[in-house]
Amino acid sequence: MKAFKSILLVLAAAIAATSLAACGGDNEGGRPTGGNGSIVIKYYDGGYGREWADDLASRYKTIHPDADVTMEADLEILGTMTSALQSEDPDYDIFISHDITWQYYALEGYLANLDALYAKKLSDGRTFADALSPANREYSKFDAGEGEHYYKVNWTQGAGGLIYNVDMFEEYGWEVPETYDDLKNLCAQIVSEARPVKGGMGGQTVVPFTWTNENEYLWDYVVFEWWAQLAGTEKISQLLQYDKANNYTNGFESFNPDTNYKEFKQAYQYWYDLVAKNPNYSVSASNAQTKLAAQGQFLRGEAAMMPYSHWAYYELKKANGGDDIGFEVNLMETPLVKGTQRYNYLVGFGDSIVVSKYCHNMDLAIDFISFMAEPESLVSFTEKSQGAFSAFDYSVLPAEQLARLNSNPFVASVNKKLTTETNFNLYSNEPIAYLTSATVQPWLANKYHYVPAFAGKGTTDNPDDVFAEMYSTAKANWRSWLYNAGLV
Amino acid sequence: MKKEMIYRRTGWTKALFVIVFIIFAVLTVTYLYPLIWVLMNSFKQQSEYINNITGFPKNPGFTAYAEAFAEEVSGHKGATLMSMFGMTIAVATVGTIITVLTSSQAAYILAKFNFRGAKFMYAVVIFAYVCPIVGTLPAQMQFMKTLGFMKNSFAEYVGVIFLYSGGFGFNFILLHAYYKNLSKSYAEAAYIDGANDFQIYTHIILPLSKGSLVAVFIIQFIGLWNDYTTPAIFLKDAPTLAVGVSLMTKTLENNSNFPELFAVMVIVLLPIILIFSVFSKTIIENTTVGGLKG
Amino acid sequence: MDGNSSFGNERKADNKKRGRHFNVRTLFIILMLAYPVLHFLVMWVFVNGYSIALSFQRYFSTIRPAGYDKGWNFVGFDNFKNLFNLIKSDENTREMFANSLMYPVISCLVTLPLSIIAAYFMYKKVAGSSFFRVVFFFPSIVPLIILTLIYRYSVAPDGLVNVLLQKLHILEKGEIVSFLNVFGEDTAAGAVYIFCIWAGIGYNIILLNSGMGKIPQELQESAMLDGAGPMTELFRIVIPLTWPTITTMFILGMMSCINVYMQPKFLTMDKYGKTVAWMIYDYAQGGRPGDLGQAASLGLFCTVILAPTILLVKHFLEKCFADVDF
């Protein structure tokens, strides 16, 4: 009992101390002092790191020493932002993240109208709207019952597909594949050459791919581009309307594998034939290993290629303990399955910047976001994130700044994809898509089949079954989803 | 332990006990070896873990610990491990004291006073315990929001304590059983000496039941220390350890900083191991459930 | 037994003698019960009533079908009809229920029997039992997030167990103990159940052990004299005499079907094994008013099925053996 009493005493003292500390902490955690002139920005704490945000805020402060701008990284931004937006005295004024269901927030009246921002002139005389591509502008407008207005700004433009170990390709004389058949042959060649892994333990040879169960969706970036090559973007954007004209009644027809989804199914078939049916083309544990394991295999040269996206370089460096990764990595232009037209799937097209309706200083918020579109901010964003491009027009950059960006070969390869290919996205602006908690997506409920198909070594999850099942699921549940979305 | 309680183990009975011992020993290894492994990895360099997962650290150092102590939870400025320890102590201690007190009040009254409705109340409590209504979390959240318990971190703290402060949970059932079996002779003697019910409760019953209260306190304290759901939803602005560490884990995994993650685990586990090694006897002896006769 | 040890009877006698004492006593009872009862009325009666009311409502924003108002609308059983449609045709919803139902099966039919046997040997003082007791209890005082992390890193394809077994040449390089793999789509569920058993058995053993500790010594001694073997003793004496504890643990185990979500969520990194509690947690965490009616009706549906089941099982289990109360 005595020991217990003394522990209680210690606890009591600790409480007294910590409750004082906690009170101090409250002020730090919430809105910083500085009255109404300040704005606080919360941004997603992920693949692009924090350096770009710190740099952005500090450069803004150099120009506007009086402005009180704070940027806070938050991994759980999506979980906390709904309640933050509901507050009339919000802790945060601007939110920057992927997957923000901004249309829903606009409908609920949580978001500030950003028309003034789009009309604002940048330092070089262009309007903010001019600095965005037409697609980026178009998808930021929304009618929330008060006519069409801008409610968000697209944050990034991205690219994905296969990354490859350039040094290894050069050393062994492997050609970067132009077409799907080239890719197929290359994989066969890599396997048959059986190059030993450098520094690897006895008998281990280089395989074409490594990937991870944790991020199987990365294969989408290849498959979606094949889909676009096969179907063209017109057909895709049509089916993403989910029978809008008819009040979404027969929206499930978008998933019909014989009509609307025919080319998607075929694109998956290409993947299936290459990866699922050739288990020896990937590191054998790909279907069941962590991201770190796959990164490690790529870094150690155990695999030549890896499905990834524009944050690959940043993450690989992190996985390597922050050290340089020791060889050149490029993002591959996705090999063609048809024709010569290349398409770039805009990874992260739904990434958004939104402003709370109860923003404490709207002028400052608008000025700050427009600052993000200024040329020096573009350069800094891409440099600090080592591969991500913000959604604004990079062609206005002076040649030497572009050259500076492209001096990182990985950034250059992303840039090439973004600027020379036809950009498209799979983003639906229909309520059935954004009000059903990510159920109505290209893959229903974001249920992927790459892992099970690979695990089954090409005997399960074949394209016919997968797409037939998706169609029948959509058909059976469509009314429930309309109900969940509040449309019936 | 008295000798005669133990079997004279012969033949296959003896073999059975040996087999069970081996199974227990293997299970023990599965509990303890990962802890040693975690400790070992916390001394590695960040770039080492990916290539040396099971081995000893090549250049052992405390960098991971320095980083772990400095690490702030993503989205929560100032929320370091130390401040989260403080928050967790503040939540668990105050919450436990209040709920043990209210449970003891309710249990004492329902066990020892035969007023009209006492039996009904007990039946309702057992029913509520055995058959929880599912899915009330959203309603609870709306309710707490309406009451203003989700405005800032202080209001949230008060709200969480309020949520914890109920007197009719599992503590009630344990203490009710205890009071039920408590002899009434002490209280009767006090009545004769002219003490009133309040005095009897505070001066006789509470000290008498100190052992049980301490036991309930410890069990409840561990429960609140480790609770995740309530603080995750109702204490969003000031993370406790359980919530904060799960957020930190995501950040550190994103950054592939595993040694630091292991250091975080060690730091969180250390006080638990220390306290447990002091109180393990009390804790284990008082971990008990009785029947739930309503 | 209760009449004897309570103050109720003497109260009646007191009343006649001293009216004033009666008032003090009433005041005492009221004051003592005020906070607990108030808290119960608010957090149980009111919140549950509110939740039930929510399950019959829908929330609409600007986009809404004709005939509904912006904000909350009473819609009768529409939410339930929609839920039934999903159960009928949506694989994910059915999977969610199936996942949730597995936890009571695991904890009542696997963990509990195993722990009864283990606790019996502990009770019979298998060598080192006091040490084992401490070690086995340890997982239950560690925050679940830490415990899941330790387990996840231990059994990950590139984690402790696999790498160690590969080093010891029990496994080939690249080979893994796949049934432990929380990252494999088809193995995740099993790996989570194994975790639940691994992490939960110690606490169960301690609970049962403390129940067994209350068995009167004479009973054991008489069993000894009769020459009963371990099996006879376990089934004839120990289990019947710890039955109230076992019943309670069985009921608590049944409740796991509506409160388990952290184990699959933390272990599979939000990927596999969605349960009812997980779904409701996500709805609450997301904070969208439109989801609240759905969550509430899902919860009410589960309650309507679960509550009578638990009461029935409780009734049945309590009938199994004659009253024991130590």
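What is the mean pLDDT of chain B, and what share of its residues reach 70 or more? The mean pLDDT of chain B is 88, and 96% of its residues reach 70 or more; pLDDT is the predictor's confidence in each residue, from 0 to 100.

This is a predicted model, in which local features need pLDDT of at least 70 and side-chain atom pairs count only at pLDDT 80 or more, while totals for chains, interfaces and linings use all residues. Residues are numbered from 1 along each chain as its sequence is written, chains are lettered from A and ligands numbered from 1 in the order in which they are written, and side-chain values use heavy atoms, with hydrogens and water left out.

Within chain B, confidence is highest in helix 4 (residues 81-112), at a mean of 96, and lowest in helix 2 (residues 46-49), at 79. Helices are DSSP runs (H or I, at least four residues) numbered from the N terminus. Over residues 1-6 of chain B, pLDDT stays under 50, and the model has 10 contacts beyond four places in sequence for them.

**Interface of chains C and B**

In this interface, 113 residues of chain C are in contact (heavy atoms within 4.5 Å) with 108 residues of chain B. The two chains bury about 10,400 Å² between them, 75% of it on carbon and sulfur atoms; buried area is the accessible area (1.4 Å probe) lost on being put together, summed over both parts.

Two salt bridges are counted between chain C and chain B, a salt bridge being a side-chain nitrogen of Lys or Arg within 4 Å of a carboxyl oxygen of Asp or Glu. On the side of chain C that touches chain B, helix 3 (residues 19-54) of chain C gives the largest share, 23 residues.

**Salt bridges**

Over all chains, the search finds 31 salt bridges. Three of them are listed here.

| Pair | N to O distance |
|---|---|
| Arg25(C) and Asp197(B) | 2.9 Å |
| Glu253(B) and Arg152(C) | 3.0 Å |
| Lys274(C) and Asp282(C) | 3.4 Å |

Arg25(C) has a relative accessible area of 1% and is buried, and Asp197(B), at 1% relative accessibility, also counts as buried. Buried means under 20% relative accessible area, exposed over 50%, and partly exposed in between (1.4 Å probe, protein chains only). Glu253(B) and Arg152(C) are both buried. By contrast, Lys274(C) is partly exposed at 34%, as is Asp282(C) at 29%.

Note on methods. Helices (H or I, at least four residues) and strands (E, at least two) are DSSP runs, numbered from the N terminus.
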